[in-house]
Amino acid sequence: MARDIIDDRLLGALHIKALTHQGFIHDPSQEHTAFQVGTLDALMEGRFDGDTTIGEVLSHGDFGIGTVQHLGGELIILDGDAFVVKSDQQIINVEHTLQTPFAVVCRFGADAEHEIADIDDTEIYAYVDALVPDPMTIVAVKVHGSFRDLLLRSIDEQQEPFPLLSEVVKDQSEWSVRRAHGTLVGFRFPDRTAGIEIPGYHFHFISSDRKVGGHLVRCGVVEAHIALDSSEELHVELPLGVGLGTPGVADRAAIRAIERGTHGAT
Ligand SMILES: [Zn+2]
């Protein structure tokens with residue numbers, strides 16, 4: 001198969017490879033490589049149409065987050081299963097033929113595992129930062145256990161003509177959950193990937209009974225098992241007509257406005 005490399009950049013220690021949809025070669029057995037569909041910049045511009053299916057995303061990884069076509073909810077990929085949390089809080093199994101404009105996955109293999117208790121989400125971020133101090137490392141973070149006082153949210157599916165993402169997030173739905181057993185699925189992305197991904201921490205939650213979930217705004221951990229998987233390489237698949245842009249150059253105020261309520265994405 002022809003390898004069609006559009007862009008291949010080294011940002012500090014992080015290697016970013018951007019390729020077109022056709023001829024994309026990403027070896028899912030390759031460890032420590034995250035696989036991304038689309039870019040945050042394109043999403044912010046209202047490009048909610050992707051050309052990569054969830055089935056293809058799953059062939060590149062078994063753990064990840066994102067959204068689905070036309071921002072049809074919050075995507076959670078856990079143990080190879082794909083779920084989407086709709087804005088009415090319903091959770092559905094995602095059809096593998098459904099496309100996505102924005103998602104990131106990895107083949108999760110824990111590099112480090114610890115037990116944590118009685119901490120909140122910001123303390124989880126500090127804990128991971130202490131374990132993986134190199135800011136150029138992408139870290140996949142899985143937290144499985146008992147949670148309290150979760151604030152979750154999801155977005156409404158959009159119709160064409162698509163608005164800017166900053167308009168969409170103004171009327172998203174938020175809800176609180178007092179107690180839930182389940183898993184936080186998320187990543188820490190280096191600041192210098194801003195524009196491609198959301199810099200900093202970004203988590204989605206799904207309960208063990210698959211009845212509660214969403215984009216995490218905040219939570220407390222009662223007790224949980226935390227597992228980390230670091231990547232030094234990011235493969236980005238770009239939808240037709242979408243460029244990689246300049247990684248690290250991004251409108252951070254706009255990203256913060258979109259992520260407001262998480263932890264400021266700083
Ligand atoms: Zn999210």
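Biologist: Leaving aside neighbours within four places in sequence, what is Val 141 in contact with?
Modeller: Val 141 is in contact with Val 128, Gly 186, Phe 187, Arg 188, Ile 226 and Leu 228. Contact means that the C-beta atoms, placed from the backbone, lie within 7 Å.

Biologist: Before I go on, what am I looking at?
Modeller: This is a predicted model: local features need pLDDT of at least 70, side-chain atom pairs count only at pLDDT 80 or more, and totals for chains, interfaces and linings use all residues. Residues are numbered from 1 along each chain as its sequence is written.

Biologist: Which residues have the most contacts inside the largest nonpolar core?
Modeller: Phe 63, Leu 75, Val 105, Val 141 and Val 185. That core has 73 residues. A nonpolar core is a set of buried Ala, Val, Leu, Ile, Met, Phe, Trp, Tyr and Cys residues joined through C-beta atoms within 7 Å. Buried means 20 or more other C-beta atoms within 10 Å of the residue's own, exposed means 12 or fewer, and partly exposed is in between.

Biologist: And which strand gives the most to this core?
Modeller: S12, with 8 residues. Strands are DSSP runs of E, at least two residues, and helices are runs of H or I, at least four, numbered from the N terminus.

Biologist: How does S12 pair with S13 and S15?
Modeller: S12 and S15 are antiparallel, over 14 bridges. S12 and S13 are also antiparallel, over 15 bridges. Strands pair if DSSP finds at least two bridges between them. Gly 145 has Ala 224 in S15 as its bridge partner. For Ala 140, the partner in S13 is Phe 187.

Biologist: Switching to H3. Which residues are buried there?
Modeller: Asp 121, Ile 124 and Val 128, in a helix that covers residues 121-131. Seen down the axis, these buried residues fall within an arc of 45°, so they line one face of H3. The arc is that of the directions from the helix axis to the C-beta atoms.

Biologist: Why would residues spaced like that point the same way?
Modeller: An α-helix has 3.6 residues a turn, so residues three or four places apart point the same way.

Biologist: What covers the buried residues, and what is on the other side of H3?
Modeller: The cover includes strands S11, S12, S13 and S15. On the other side, Ala 126 and Ala 130 are exposed.

Biologist: Last one, S3. How many of its residues are buried?
Modeller: 5 of its 5. Thr 33, Phe 35 and Val 37 are on one side, and Ala 34 and Gln 36 on the other. S3 runs parallel to S16, with 5 bridges, and antiparallel to S10, with 3 bridges. Phe 35 stands opposite Val 105 in S10.

How values were computed
Two residues are in contact if their C-beta atoms, placed from the backbone, lie within 7 Å.
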